[in-house]
Structures are given as C-alpha cells and as structure tokens.
Amino acid sequence: MEAQLKPAPSEKELARIPGAEPRARIDPWWWLVVAVIALTVILITTKSDPFWRILLFVRDGIAITIFITTASFVLILIVGMFGGLGRLAQNRFIHGISSLYVELVRGVPLLVQLIWWYFAFPVVIQQSGRWLNIPAMANYQANAIFTAIAGLVFCYGAYMTEIYRAGIQSIPKGQVEAARSLGMTYFQAMRYVVLPQAVRVILPPVGNEFIALLKDSSLVSVVAVADLTRRGREFMAAHFNPIEVWTMVALLYLVMTLFSARIVSWMEKKTRFER
Amino acid sequence: MSTTEPMIHIENVHKHFGRVHALRGVSLDVQKGEVVVIVGPSGSGKSTLLRCINRLEEYDSGRIVVDGIPLDNAQNINAVRREIGIVFQSFNLFAHLTAIGNLMLAQRVVRKRPKEEAQKIALELLTKVGIPEKAWAYPIQLSGGQQQRVAIARALAMNPKIMLFDEPTSALDPEMIKEVLDVMLTLASEGMTMVVVSHEMGFARAAADRMIFMDEGLIIEEATPERLFTSPHHERTKLFLGKVLHM
C-alpha cells in the first residue's frame, strides 16, 4: 500500500485555512500575568516599607493557602469521580446517597459549612464519645488545617461530582457498549474507555473549580487557619494600614489565580484530541 | 457437548420496551459455521434480537444458550461476550485511541495478552481488512468504511467464535459499502459463524446459508436466500422484499 498518513500541513498551508492560522508562540494572556507580577515587584522595591514587610509577614500564609488548595483539590478529584459514578449507578441505594450528598451540600453556604465542621463537628464527636464511653473520641480536639481541608473537600466534592457526571454522560453510549461487547467489565469500560475521554471534556470546568477553590480557600481564615487572608488581617491589626495590606493580599491572590488559569489552558491544549 | 448442539440457541424470547412488545416469542438455532442474515422492516425487532444474543439488551423471558453457556448470570455473560464479536451500525470505535490502540485495548485488558503479541495480532488483522497503513490514525481521520473495517478487526482480535453484525453498512456512503462487505464475505468463506442484520441483498445472496424475515417481533419466514427471493410464502415477506429489491 502506498498511501501513508499525510504529513502535517506546513504553517504556510495552515495560514490559508480560516481559523487554523498558526498560534502565537506566546499566549497573549501571559502578558497579564507578567504585568501583575511587575506591578507587585515595583510596589515592593519602590515602597519596600510597608510592602516588602507585608510580603515577608504573609509568606507562610501563601504557603498554607497553596498547600490547602492543592491538597484539597487532589482529594476533590477523587471524591468527585466516585460521586459522579455513584450518581450514574444503577443501584438505587448508591444513586440515592450520592444524589442526597450533592443536594445537601449545594444548598448550604461554604462559610457556614466550614464553621459547622470546625465548631459543631468536634462537639458531636466529643458528646458521642462520652455517651459511648470512648475516651479518644471524648477528648477529640479539632485540628484547624485538617478541618479546613475536610470542609473544602466535602463542599467542592459535590460540585465536582456533578462535573464528572456531566462529563461521563457526554460520552456516547455506544462507547460503553463496544467495550462491554469485547468482554470488559463495567469498571474496565469506565477506566479504559469512558474516563480517559471524559477527562478531556471536563478539563475546562475542572480548571475553573481549581481557581474558585483557590479563592474560596480564603474562607478558612475564619476557622483559625493562618492562610494568606488571615496573615494579612494579623498584619493590619498590628500596623493599621489597610490600603497597603489588602492591596498586597489581593495582588498575591491575583498572581496565583492568573497563573493557574494559564496552566489550565496550557493543559487543555496539550490534551486536546481529535474526535 | 454433542456435535449437533447449535452455536446459538434462542428459545421463546420475549422483550418489552415499556409498552412496546419488541420480541414476541422468538426461537432460532444457528449452527457452527452458518451465516444467517436477518431482514425485516424497521421496528421489527431484528436489531433487538441480535443485541440479546450478547446481552447488550436484557430479555424478559425465554432462554438463550451460546456455545453451551446459558446467558443467565453476570459471570456467564462476560464469558459469552468474549466469544462473540459485534459490529455496530455507528462503528463505535474508541475515539481517544488510534486504530491499533482500538485493536489492542481489549486484548490487553480482557485477554491479558502481552503488548508485543497484541500489537502483532492487531497489525495482522489490520492487514487482513486492508488498511495496515492506517494503524496509527485516529478514528476521526478515517473514512466511514475504514472505521467499520477497523471495528471488524477489533472484534476479530478477540478470536470470537461468533460475529454479529448490526446493520454494518447502513451508515456508510454507497461507495464504501463494498469494502466492508468484501471483508464480511471473506469471513463467511473462512467458516465464521455469523448473524447479520442487513438489507444488503447482494451479500445475502452470496454468503447467507439461511435468511430470516422478521416483522412485529416475530420470525415470519426462514429459507435459503434463493427460495426467499424467488418464492416467498408469506404475503408480508413478498411485500417487504418487493420494496427493498425495487421490484
């Protein structure tokens, strides 16, 4: 057979096809990231008191914010996957549990959920520990970071469940039928055929969730976690200079979210596939 | 197992879709190496019957035994599915995998073949269906006829004892039908047990040992293609064949 795969069209050929012009080498939105970073650097260098001092002070808060966001996000991806499969399960019990979870979580503000996990949940554990006579439970003390991550995962896991469900449902039924007809089990069909395709579909909304989570992680400052927002508040309480502190905090969040958004769209390009 | 035991034994199968009675007591035996072509108007239950054979569709009552294994529990169903290849009207190639990836996946996951062996078998089969040069192409880069040939090769990679074809050429442009039918004719001549739902009368005439005419969930008539084309016994068969053969 002489027919071979066609070589990729050259840039010149592509330029003649509308909509297929060669992409700019650097995504122009990267300039926004650069601009925000430049503004931050200028503020720090030209007016190092208080901006440089603020940055030094909130440094560990940035680390905590990044840690809480990424740790929660990994867990959210796992919870969402099982939730999504549960929402689509034939088994009525599993379907009911995962639907109830989504409905309950969606209806309660995240701030209220976090406060509940931090202040109410430990009391529930302590009292049932006393009632059941289990000392370990009766003496339970809330760990702020752990509670914050658990609260974020519980809430965002529900949103992620819906994203996974939509992603899985977007894959034509024939794909599962073909996989099952070749002798694959339900889980093999999901693992090797449906999820790899669904992941590409859900990447944009998943990226949005990551950015939303990064911002919402500021809410954990109310449950005694020393994240970026809380450290900013502490600095302000000591020196009372709200304009500088909150401008700096806002800029730092902006750098992180803009950077994440660029990473997400870069991943979208990388994983784009033909169908 | 006695030698006279049929490859596929279907006994009084009923199937409802809501209030629609899609199969109303169908019985059919297919022998080893036999090629059976099922025809009938749309909604006659022929695709449903085919899909019941490997339990992509559950049936309400009756009995189906494939190669001595009754389709009555999940374990048996997966065992039977490994022995049956099915080719769909809409190809259903795995969109995220190349042609060779499509052929290799189930070999690796279900048959647990090592990668090299799976790849070798995949390339042999792609050669057999006439498109080895498309091994690394994604489904979207293939024409309908090529996609359907990859789908046939994918089913063959599992070494099935039976091949089911659910209107394999209905979604194809006319000039691509022949390349798919040629592959099917080759399979038939090699002694594959085949059940084909199709209105390709040329294929039926050339390859079918037996033709089945279905209407309203029942088998109305079965005969050799010769007899069915020249002297159908039932009025409904005559009417239907008249329409599809443009007589």
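Biologist: How many salt bridges does the rule find across the interface of chain A and chain B?
Modeller: This is a predicted model. B:Arg51 and A:Glu177 have their closest N and O atoms 2.6 Å apart, and the cut-off is 4 Å. For the interface of chain A and chain B, the rule gives a count of 1 salt bridge.

Biologist: Which helix gives the most residues to the side of chain A that touches chain B?
Modeller: Two helices of chain A, α8 (173-181) and α9 (186-216), each supply at least two residues of that side. With 7 residues, the largest share comes from α8(A).

Biologist: How many residues of the side of chain A that touches chain B are nonpolar?
Modeller: In chain A, 23 residues are in contact with 28 residues of chain B. On the chain A side, 5 are charged, 7 are polar and the nonpolar ones number 11.

Biologist: What area do chain A and chain B bury between them?
Modeller: The size of an interface is often expressed as the accessible area lost when the parts come together. Here 64% of the buried area lies on carbon and sulfur atoms, and the total for chain A and chain B is about 2300 Å².

Biologist: Which strands of chain B stand at the edges of the sheet?
Modeller: The open sheet of chain B has 4 strands, paired antiparallel in the order β2-β1-β4-β5. An edge strand has a single partner, so one side of it is left without a neighbour in the sheet; in chain B these strands are β2 (20-30) and β5 (69-70).

Biologist: Which residue of β5(B) stands opposite B:Val66?
Modeller: Strand β4 (residues 61-66) of chain B runs antiparallel to β5(B), joined by 2 bridges. Opposite B:Val66 stands B:Ile69.

Terms used. Residues numbered from 1 in each chain as written. Chains lettered and ligands numbered in written order. Predicted model: local features only at pLDDT ≥ 70, side-chain atom pairs only at ≥ 80, totals over all residues. Heavy atoms only, no water. Contact = heavy atoms within 4.5 Å. Buried area = accessible area lost by both parts, 1.4 Å probe. Salt bridge = Lys/Arg side-chain N within 4 Å of Asp/Glu carboxyl O. Nonpolar A, V, L, I, M, F, W, Y, C, P; charged D, E, K, R; others polar. Pairing = 2+ DSSP bridges.
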